[in-house]
Amino acid sequence: MRLHPLVLASVATNSMGNILLTMAMKRLSPSLDTSFQARRFVEMGLTVATDPTFMSGVALLATFFVIFLTLLSKMDLSYVLPVTSVGYIITAMLAAILLGEKISGPRWAGIACIALGVYLVARSEQAVPSPAPRKTDLQAVESELSA
Amino acid sequence: MKIVLLIAGIIVFGTFGDLILSHTMKRIGDLSVRNARDLFSVIGRVAVAPGFFFGVACMAAAFFSLLAALSMADVSLVEPATSLSFVLNTIGAKFLLKENVDRSRWTGTLLITLGAYLLFIKY
C-alpha cells in the first residue's frame with residue numbers, strides 16, 4: 001500500500017493538533033471556567049492565546065487545513081476522506097500513550113476495521129493520478145527562454 | 001429531538017462543506033508553489049473563489065453544531081452518529097462530483113464507517 005506523502009502529513013498534523021488542543025484544554029479548563037462565570041471573556045481569550053500548547057495545536061490544525069485543500073485540488077474526495085481516517089488510529093494511539101486513555105476490545109476492533117478500510121480505499125483504482133513527468137532543470141530553462 | 005437535529009446538522013453541513021471545497025479546489029487547479037510569487041497567486045486564486053467561502057462556512061456550521069451537540073450529549077453518542085458522513089460523502093462524490101467509486105473503495109468506506117462507529121460507541 002502506498003499513501004501519498006501529503007496524506008501522511010495531513011494525518012500527522014491533524015492528530016498532533018488534536019492531541020495538543022486536548023492537553024491544553026484539560027489543563028486550562030478550571031481557569032477558563034472561572035473567567036467564563038465572571039464574564040471576563042477577554043481574559044479567556046488571553047489565557048488561550050498566550051498558551052504555547054494551545055497555540056501550537058491551532059497552528060498544526062491550520063497547517064492541516066492547507067494540506068487538506070491541496071489534497072482536494074489533486075485527488076478524488078472519495079479517496080482523500082476515507083484515507084485520512086487513518087488519523088483516527090493515530091489519534092487513538094497517541095491518546096493512549098500521551099493522555100493515558102484506555103483502548104478497550106471493541107475499540108481495537110474499530111481500529112482494525114479502519115486499517116482494513118484504508119488499505120482497500122488506498123489500493124482502489126485511479127486513486128492517485130500519475131504525476132506529470134518532471135522537467136529537468138535544463139528543459140525548464142529552455143521552455144522559459146522559448147516562451 | 002434537538003440532539004437529532006444537531007447531529008443531522010454536523011453530517012449535512014460537514015458533507016456539503018467537503019463536497020463544495022473539493023469541487024472548488026479542483027476548479028482552481030494547480031496549487032504547486034515554487035517561489036513567493038506562486039504563493040501569492042495561489043492565495044489570491046483561492047481567496048476570490050466563492051466556493052471556498054461557502055465551503056468554509058459549511059465547515060464552520062458543522063463545527064458549531066458539533067460543539068452544541070457535545071455540550072448536550074456524550075462524545076460516545078455524537079461521534080458514532082457522525083461516522084455516517086463517510087457514506088454520505090462518498091454518495092455525494094459519486095453522484096455530484098462524478099467521481100469513479102469502484103467496489104474496493106466502497107467496501108473500504110463502509111469498513112471505515114463501521115470502524116469509526118466502534119471506536120466511539122460506549123459499551
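Is Arg39(A) buried or exposed? Arg39(A) is exposed, with a relative accessible area of 64%; buried means under 20% relative accessible area, exposed over 50%, and partly exposed in between, with a 1.4 Å probe and protein chains only. The model is predicted, so local features need pLDDT of at least 70 and side-chain atom pairs count only at pLDDT 80 or more, while totals for chains, interfaces and linings use all residues. Residues are numbered from 1 along each chain as its sequence is written, chains are lettered from A and ligands numbered from 1 in the order in which they are written, and side-chain values use heavy atoms, with hydrogens and water left out.

**Two loop residues with positive phi**

Arg39(A) sits in the loop between α1 and α2 (41-49) of chain A. Helices here are DSSP runs of H or I with at least four residues, strands are runs of E with at least two, and both are numbered from the N terminus. Phi of Arg39(A) is near 55°, a positive value in a residue other than glycine. Chain B has a case of its own: Lys98(B), not a glycine, has a positive phi of about 55°. Lys98(B) is in the loop between α5 and α6 of chain B and is exposed, with a relative accessible area of 67%. As background, most residues other than glycine have a negative phi.

**The interface**

Chain A gives 33 residues to the contact and chain B gives 34 residues, contact meaning heavy atoms within 4.5 Å. About 2800 Å² is buried between chain A and chain B, and carbon and sulfur atoms give 70% of that area. Buried area is the accessible area (1.4 Å probe) that two parts lose on being put together, summed over both. Leu77(A), Ser78(A) and Tyr88(A) supply 20% of the area that chain A buries against chain B, more than any other three residues.

Between the two chains there are eight residue pairs in polar contact, both residues at pLDDT 80 or more. A polar contact is a pair of N or O atoms within 3.5 Å; within protein, one must be able to donate a hydrogen and the other to accept it, and residues adjacent in sequence count only if both atoms are side-chain atoms. On the side of chain A that touches chain B, α3 (52-74), α4 (77-84) and α6 (105-122) of chain A each supply at least two residues. The most comes from α6(A), with 12 residues. By class, this side of chain A has 20 nonpolar, eight polar and five charged residues. Ala, Val, Leu, Ile, Met, Phe, Trp, Tyr, Cys and Pro count as nonpolar, Asp, Glu, Lys and Arg as charged, and the others, Gly among them, as polar.

**Salt bridges**

The structure holds three salt bridges over all chains, a salt bridge being a side-chain nitrogen of Lys or Arg within 4 Å of a carboxyl oxygen of Asp or Glu.

| Salt bridge | Closest N to O |
|---|---|
| Asp51(A) and Arg27(A) | 3.1 Å |
| Asp76(A) and Arg105(B) | 3.0 Å |

The pair of Asp76(A) and Arg105(B) crosses between chains, from the loop between α3 and α4 of chain A to helix α6 of chain B. Asp76(A) is buried at 18% relative accessible area, and Arg105(B) is buried at 0%. Asp51(A) lies in the loop between α2 and α3 of chain A and Arg27(A) in helix α1 of chain A, so this pair ties together parts that are 24 residues apart in sequence. Asp51(A) is buried, with a relative accessible area of 8%, whereas Arg27(A) is partly exposed at 47%. Arg40(A) is partly exposed at 41%, and Glu43(A) is partly exposed at 35%.

**Packing within the chains**

In chain A, α3(A) and α4(A) pack at an angle of about 140°, with their axes 8 Å apart. Axes are lines fitted to C-alpha atoms, for helices over the stretch in contact, and angles run from 0 to 180 degrees between N-to-C directions. Phe68(A), Leu71(A) and Leu72(A) of α3(A) meet Leu77(A), Val80(A), Leu81(A) and Thr84(A) of α4(A) in this contact.

Ser15(A), in helix α1 (residues 5-37) of chain A, is buried with a relative accessible area of 1%. Beyond its neighbours within four places in sequence, Ser15(A) is in contact with Gly87(A), Ile90(A), Thr91(A) and Leu94(A). Ala95(A), in helix α5 (residues 86-98) of chain A, is buried at 5%.
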